[in-house]
Amino acid sequence: LREWGVLSLRFVRSVVVLVAALCLLCLAVMPVYAHPPKEVTLELGPNGALTVRVLHSVDDPGKHYVSRITVYVDDRAEETREYKSQTGTEGMSDIFALDPPRSGANIRAEAFCVIMGSKTGSFIVP
């Protein structure tokens with residue numbers, strides 16, 4: 001009877017170690033599926049129309065998507081928009097109406113993933 005107690009204790013320990021290892025493995029693999037946007041490009045059109053294009057490839061744009069874009073001019077937040085999905089599996093774009101920025105202004109846009117991370121793109125107005 002004493003041997004069975006030792007055996008069952010070893011079995012329980014082995015199961016606990018195995019479950020803990022599987023949990024750690026799942027946590028290590030999760031960031032592979034959740035990723036920030038890959039690229040943010042900006043294009044300034046006439047009269048301050050700023051097109052922000054975000055490259056963020058996903059399988060399901062309703063669950064894994066760009067959730068927010070914030071546009072800055074000289075480090076001052078000009079506009080933030082929230083999204084419930086992205087327009088396609090490769091990414092999305094949006095147009096922001098800015099007051100025509102001065103020459104030399106630093107325009108920056110930051111796109112946030114609903115699951116993990118963000119990416120920034122910027123340029124200096126010629």
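Gln86 sits in the loop between β4 (76-82) and β5, where strands are DSSP runs of E with at least two residues, numbered from the N terminus. The model is a predicted one, so to speak of local features takes a pLDDT of at least 70 and side-chain atom pairs count only at pLDDT 80 or more, while totals for chains, interfaces and linings use all residues. Residues are numbered from 1 along each chain as its sequence is written, and side-chain values use heavy atoms, with hydrogens and water left out.

With a relative accessible area of 4%, Gln86 is buried (under 20% relative accessible area, 1.4 Å probe, protein chains only). Its side chain gets to the backbone oxygen of Gly88 at 2.9 Å. Leaving aside residues up to four places away in sequence, Gln86 touches His56, Val58, Pro61, His64, Tyr65, Val66, Gly91 and Met92 (heavy atoms within 4.5 Å).

One of these neighbours, His64, belongs to the loop between β2 (49-55) and β3 (66-73). His64 is buried too, at 9% relative accessible area. Its side chain reaches the backbone oxygen of His35 at 3.4 Å, and a polar contact of 3.4 Å links it to the side chain of His56 (N or O atoms within 3.5 Å, one able to donate a hydrogen and the other to accept it; residues adjacent in sequence count only if both atoms are side-chain atoms).

As for the sheet, three strands line up as β1-β2-β5, open and antiparallel (strands pair if DSSP finds at least two bridges between them). β1 (39-44) and β5 (91-97) are at the edges with a single partner strand each, so one side of each has no neighbour in the sheet. Six bridges join β1 to β2, and Thr41 stands opposite Arg53 in β2.

Notes:
Helix = DSSP H or I, 4+ residues; strand = E, 2+ residues; numbered from the N terminus. Buried < 20%, exposed > 50% of the residue type's maximum accessible area, 1.4 Å probe, protein only.
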